[in-house]
Amino acid sequence: MPDCLLALESSCDETAAAICTLEGDLLASRIASQIEIHRQYGGVVPEVASRNHILHVRPLVQQVLAEAGKTLGDMAAFAATSGPGLVSSLLIGTSMAKALAIAETKPFLAVNHMEGHLLSPFMDGQGPVRPCIALIVSGGHTMLVHVHDVGRYKLLGRTRDDAAGEAFDKVAKMVGLPYPGGPEIDKLAPRGDPAAFAFPRSFLDGRSLEFSFSGLKTAVLYELPRLDLKNEQTLADLAASVQAAIVEVLVEKLVLAARQCGEKLVTVSGGVSCNRGLRAALTARCAKAGLQLLLARPDLCTDNAGMIAFAAAQRFRIGHTSPLEADVDPNLSLVS
Ligand code: KG4
Ligand code: ZN
């Protein structure tokens, strides 16, 4: 009796495959990262990404089947990220999952990448998915969502300009740190003084749940001519101050959203939720505010197929499948 689900993720520069049970327990998860390939260009080159997805996807499927001790016949469905992301990358994962679904005469599920991030804090035995305020902070998105149930999401606020991850990456690039800049700033920040530079915190107005990070980038740009970036302490102070400015806004808006909606459970997901400064500040602030906090395991925060398999399993359990004609959508929205 097929009791598992195989999912593929190829929305950007990571090719990933995972297998989970229909209850959402992760059995195997593998990622082939292309970070080293794209680093020389300072960002992701779409055509290079899709060519590498083609090279990696088949071996990854074989690896997760071996790791989980399963065969294709054990799969009840095949899933893949269908957006948002780079079209030429999304097509590789969805085409492969559809081909497997046709070959095995099993259903296909198109999964929204952001729903993968959104539900990831409920993995690892933290489920079932229940009402909460979710903050998603990735390279392309920063949003606050009121989660009522699987598939019932209300957008509370999003960024008006740069995403939090983008702010980390752009500032890091300006000071000569390698791509992606978020983890580099995370590494430097503990050695610096977070009060060394008074970078702006865009709260917009006291009640707004929208974000804006473009002012931070401009503030760093104005500071640059006065700085000696070869001085390690200066660079660490800058990293600590940038991180503190981003973290404070994220944490306070999450607490504000929970208060406004009367929810006691909050979750944070997406690549930026790996950030150690953010995790520590969230833990302290949520304890003070009497909120329960769920954070995904760090390896499930950045792009992976485990979260796609988990989201697909939640959907499959309530009877959702997708037609084989389902197209990819680079701008796929989480909330309609
Ligand atoms: O969720 P993700 O892996 O991919 C997208 O869906 O965008 O997020 C990638 C983003 C990048 O901007 C990266 O710099 C950021 O997450 N990131 C971090 C950390 N690890 C990844 N930002 C701050 N601190 C980190 N430790
Ligand atoms: Zn992502």
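Author: Phe211 is buried because its relative accessibility is 0%, where buried means under 20% relative accessible area, exposed over 50% and partly exposed in between, with a 1.4 Å probe and protein chains only. Phe213 is buried too, at 3%. The two form a stacked aromatic pair, 6.2 Å centre to centre with 15° between the planes. Rings of Phe, Tyr and Trp (its six-membered ring) pair if their centres lie within 6.5 Å; planes under 30 degrees apart count as stacked, over 60 as edge-to-face and the rest as tilted.

This is a predicted model: local features need pLDDT of at least 70, side-chain atom pairs need 80 or more, and totals for chains, interfaces and linings use all residues. Residues are numbered from 1 along each chain as written, chains are lettered from A and ligands numbered from 1 in written order, and side-chain values use heavy atoms, without hydrogens and water.

The whole structure holds two aromatic pairs. Phe197 and Phe199 are also stacked, because their centres lie 5.5 Å apart and their planes meet at 10°. Both Phe197 and Phe199 are buried.

Now the helices. Helix α2 (residues 46–68) packs on helix α3 (residues 87–104) at about 25°, axes 8 Å apart. So α2 is roughly parallel to α3 (angles under 35 degrees; over 145 is roughly antiparallel, 65 to 115 roughly perpendicular, the rest oblique). The contact (heavy atoms within 4.5 Å) includes His53 and Arg58 of α2, and Ile92 and Met96 of α3. Its residues divide into eight nonpolar, four polar and one charged.

Key: Axes are lines fitted to C-alpha atoms, for helices over the stretch in contact, and angles run from 0 to 180 degrees between N-to-C directions. Helices (H or I, at least four residues) and strands (E, at least two) are DSSP runs, numbered from the N terminus. Ala, Val, Leu, Ile, Met, Phe, Trp, Tyr, Cys and Pro count as nonpolar, Asp, Glu, Lys and Arg as charged, and the others, Gly among them, as polar.
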